[in-house]
Amino acid sequence: MTTTSPQGRTELLRPDGSPVRVLVVDDEVSLTELLSMALRYEGWEIRSAGSGAEAVRAARSFRPDVVVLDMMLPDMDGLSVLGRLRRELPGVPVLFLTAKDAAEDRVAGLTAGGDDQVTKPFGLEDVVARLRGLIRRTGAVPGRRSDSVLTVGDLTLDEDSREVTRGGESIHLTATEFELLRYLMRNPRRVLSKAQILDRVWSYDFGGQANVVELYISYLRRKIDAGREPMIHTRRGAGYLIKPATAAA
């Protein structure tokens with residue numbers, strides 16, 4: 001089931017209309033809290049666990065629709081946890097979190113039955129998008145193919161094919177430009193601060209300067225707005241927003 005939030009995002013719901021349930025498993029408390037906060041913003045119900053044993057217990061009682069699972073936990077590795085989770089919930093999709101230099105873990109996780117993986121450090125927006133894709137593709141929550149297409153005015157972004165068009169004209173974006181535009185388009189007409197954008201688009205431990213946001217906004221404007229009525233607007237001292245070109249600036 002799907003519905004649309006006040007911010008214009010397509011919300012995924014369980015068949016009974018209740019929020020999607022996500023189990024986040026990682027022993028880094030700060031990371032778990034940050035990721036849980038981002039997922040709650042989607043309107044999802046979150047349960048967290050800091051160990052493999054705790055994850056299995058939580059899965060048994062919480063019955064999540066999707067699991068975010070760190071490959072390295074204090075009491076057992078992610079592959080062992082995956083096996084136990086699948087005995088409790090045979091079809092539950094799992095997104096692995098892997099270390100930057102752990103190529104073997106990434107291969108092993110997908111070979112063992114993980115559905116997708118992201119490498120630490122990661123951007124929160126990337127994790128959210130991957131989870132939404134997993135939920136749709138695996139049928140954990142019934143949805144429509146059109147859920148993956150974001151539209152603001154004559155601008156469209158397909159989250160699955162990663163294609164962007166404006167007025168039917170194809171626009172090529174880099175990976176970071178795509179993530180930034182996706183975040184803007186999932187929050188149409190909403191002013192997003194530089195801090196919010198850094199948290200969602202850049203990696204959680206990026207530690208970079210806010211001027212990187214200004215730089216990438218300028219890149220997007222060159223590709224999205226050049227020669228057209230502008231869609232991306234600056235609110236001085238507040239942040240940035242995107243809205244249809246026909247709307248008053």
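Keep in mind that the model is predicted.

Let's start with the largest pocket, which has a volume of about 240 Å³. It is lined by 11 residues, and the closest to its centre are G123, D126, T176, E179 and V201. Helix α6 (residues 175-185) gives the largest share of that lining, with 3 residues. Sorted by class, the lining has 5 nonpolar, 3 polar and 3 charged residues.

Look again at D126, one of the residues closest to the pocket's centre. Its side chain meets that of R130 in a salt bridge, 3.1 Å from N to O. Both residues sit in helix α5 (residues 124-138), 4 residues apart, or about one turn of the helix. With 21% relative accessibility, D126 counts as partly exposed, and so does R130, at 28%.

Now for the salt bridges elsewhere. Side chains of opposite charge can pair when their charged atoms come close. Across the whole structure, a search turns up 21 salt bridges. One of them joins E45 to R21, with the closest N and O atoms 3.8 Å apart. This pair ties together distant parts of the chain: E45 is in strand β4 (residues 45-49) and R21 in strand β3 (residues 21-25), 24 residues apart. E45 is partly exposed at 35% relative accessibility, and R21 is partly exposed at 22%.

Another salt bridge pairs D115 with R86, and here the closest N and O atoms are 3.0 Å apart. D115 lies in the loop between α4 (103-111) and β7 (116-119), while R86 belongs to helix α3 (residues 78-88), 29 residues apart.

Finally, salt bridges also link E42, E125, R132, R186 and R200 in a network.

Definitions and conventions
Residues are numbered from 1 along each chain as its sequence is written. This is a predicted model: local features need pLDDT of at least 70, side-chain atom pairs count only at pLDDT 80 or more; totals for chains, interfaces and linings use all residues. Side-chain values use heavy atoms; hydrogens and water are left out. On a 1 Å grid over the protein atoms alone, a cavity is a set of points where a 1.4 Å probe fits but cannot get out, and a pocket is an open set with protein on both sides within 12 Å along at least five of seven lines; lining residues have an atom within 4 Å of a point. Grid points are joined across faces, edges and corners, and a volume is the space filled by probe spheres set on the points. Helices (H or I, at least four residues) and strands (E, at least two) are DSSP runs, numbered from the N terminus. Ala, Val, Leu, Ile, Met, Phe, Trp, Tyr, Cys and Pro count as nonpolar, Asp, Glu, Lys and Arg as charged, and the others, Gly among them, as polar. A salt bridge is a side-chain nitrogen of Lys or Arg within 4 Å of a carboxyl oxygen of Asp or Glu. Buried means under 20% relative accessible area, exposed over 50%, partly exposed in between (1.4 Å probe, protein chains only).
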